[in-house]
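Hi,

Here's the structure I promised to pass along.

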Amino acid sequence: LGHSEGAIILPLILEKLKADEIGMPLPKGLIFLCGFGECIRDVAEYQRETLVEEVKEQKGLKGWILRRVLTKERLERQYNETVTKINQNPNLDYISTHFGLVKQPAKWLREHLALEDSRPQLSQVDQHCLAIGGANDRQVRSKFCQQNVASKLVPNAPSVETHILPGMTHILRSMDGTCHLLDAPTEYPRLAKLPLEPELLSIVGKWCRRQSLGLA
């Protein structure tokens with residue numbers, strides 16, 4: 001099972017298992033939570049687009065300020081500058097921005113960018129697959145968890161089950177109203193105190209029981 005980053009690298013882990021590089025048995029099935037069919041470059045682009053759309057919807061003085069600070073061009077320039085900086089400093093674990101007030105995980109992003117897009121590996125998956133996304137997820141696209149799209153991504157899987165849960169956010173909790181990336185620093189800590197989405201747990205539990213009984 002992989003969530004978010006874990007869902008992105010899950011096909012790459014399976015590839016190493018098949019090559020016996022890890023020395024573990026192959027799983028009967030794979031579970032992707034809020035990250036199926038994604039790669040870090042696409043996720044970063046989607047989040048930039050999402051921020052720009054959210055800024056357009058902001059009202060009043062806050063919206064006026066944000067529309068001058070968080071523009072598409074500025075966000076793309078900052079991303080490209082960050083990528084250049086971390087690649088030019090391969091020994092740095094973090095880079096500082098905003099006069100040292102903000103630290104960004106350079107090592108984490110560098111290693112992700114060095115990975116191949118995992119979607120080609122998805123086409124080689126021949127395990128049963130369960131892919132679940134959240135309709136209220138603003139960090140990754142849930143469209144890959146549509147049945148017709150998912151089936152094309154894993155054409156060799158003996159079965160593919162997909163769900164897009166209404167209200168569920170990227171951190172696997174549901175909330176009323178729309179989750180916004182702009183509000184994530186305050187919303188996520190609040191949501192994290194809530195239980196995991198019950199429907200998510202029910203779906204995963206039933207799917208695992210069917211796999212163990214060979215009833216997929």
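**Cores and the main pocket**

The largest nonpolar core has 17 residues, and those with the most contacts inside it are Leu30, Phe32, Phe36, Leu122, Val125, Cys129 and Val154. Keep in mind that this is a predicted model. Two or more residues of this core come from each of α1 (5-18), β2 (29-33), β5 (128-134) and α7 (147-153). The top contributor is α1, which gives three residues.

Leaving out residues up to four places away in sequence, Val154 touches Phe36, Leu122, Val125, Cys129 and Val160. Apart from that core lies another one, of 15 residues, and Val140, Met168, Leu200 and Trp207 are among them. As background, nonpolar side chains in soluble globular proteins tend to be buried together.

The largest pocket holds about 1300 Å³ of space. It is lined by 34 residues, and Ala44, Gln47, Leu51, Tyr79 and Gln104 are the closest to its centre. The elements that give two or more residues to this lining are α1, α2 (40-57), α4 (72-88), β3 (94-97), β4 (102-105) and α5 (106-114).

Which element supplies the largest share of the lining? That's α4, with seven residues.

Cheers

Definitions and conventions
Residues numbered from 1 in each chain as written. Predicted model: local features only at pLDDT ≥ 70, side-chain atom pairs only at ≥ 80, totals over all residues. Heavy atoms only, no water. Core = buried A, V, L, I, M, F, W, Y, C linked by side-chain atoms within 4.5 Å. Buried < 20%, exposed > 50% of the residue type's maximum accessible area, 1.4 Å probe, protein only. Helix = DSSP H or I, 4+ residues; strand = E, 2+ residues; numbered from the N terminus. Contact = heavy atoms within 4.5 Å. 1 Å grid on protein atoms, 1.4 Å probe; cavity = no way out; pocket = protein on both sides within 12 Å on 5 of 7 lines; lining within 4 Å. Points joined across faces, edges and corners; volume = space filled by probe spheres on them.
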